[in-house]
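Student: Could you walk me through how to read this model? I'd like to start with what surrounds the ligand and then look at the rings.

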Amino acid sequence: MKKRTQFLFQALILVFFASAANAQLKPPAAIDALLSKHTCLVCHKVETRLIGPAYVEVAKKKYTAEKIVELIYKPKPENWAGYPPMAAMPNVPKAEALKIAKWINSLAKK
Ligand code: HEC
């Protein structure tokens, strides 16, 4: 009985670590809603390359939030060799673009 309990305990720990390693960073719900609404998620994931670069990679560029907003309105494909050009998205309201930009930059600390 004691061995069995120990085995179960070890199995639980394994499952815990395996799922933690697989989990992608999730944006907070409010940001997730903005990213979905503006279709960003069609091309971007948080930690892996999709059509566009992962947001953690964008965070490494250390842009200011204002600069990111500018790049959403007027992308510079030359910043991302090997990627197709992103279409300009001038209809994202500035306040919302800024919230997204600040969240992208918050990824740099992790
Ligand atoms: C149709 C696909 C697509 C959509 C939709 C899209 N992106 Fe992109 N994005 C890309 C690609 C491809 C790149 C890299 C090439 C480039 O910058 O033009 C990129 C680059 C970026 C960059 C980096 C800019 C730079 O110059 O370093 C940011 C920031 C970004 N996207 C944010 C967003 C946000 C926020 C949205 C939603 C409002 C969004 N993207 C929607 C494809 C997309």
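Student: Which helices each supply at least two residues of the shell around the ligand?

Tutor: Helices here are DSSP runs (H or I, at least four residues), numbered from the N terminus. In this case α3 (40–43), α4 and α5 (65–73) each give at least two shell residues, and α5 has the largest share, with 3 residues. The model is predicted, so local features need pLDDT of at least 70 and side-chain atom pairs 80 or more, while totals for chains, interfaces and linings use all residues. Residues are numbered from 1 along each chain as its sequence is written, and side-chain values use heavy atoms, leaving out hydrogens and water.

Student: Which atoms lie 2.8 Å from the ligand?

Tutor: A polar contact is a pair of N or O atoms within 3.5 Å. A polar side-chain atom of His44 is 2.8 Å from a ligand nitrogen, and a backbone N or O atom of Met86 lies 2.8 Å from a ligand oxygen.

Student: And how do I read two rings?

Tutor: You describe an aromatic pair by the distance of the centres and the angle of the planes. Rings of Phe, Tyr and Trp (its six-membered ring) pair if their centres lie within 6.5 Å; planes under 30 degrees apart are stacked, over 60 edge-to-face, the rest tilted. That rule gives 2 aromatic pairs here. Tyr55 and Trp103 have centres 5.5 Å apart and planes at 80 degrees, so they are edge-to-face. Tyr55 is in helix α4 (residues 55–59) and Trp103 in helix α6 (residues 94–106), 48 residues apart.

Notes: A polar contact is a pair of N or O atoms within 3.5 Å; within protein, one must be able to donate a hydrogen and the other to accept it, and residues adjacent in sequence count only if both atoms are side-chain atoms.
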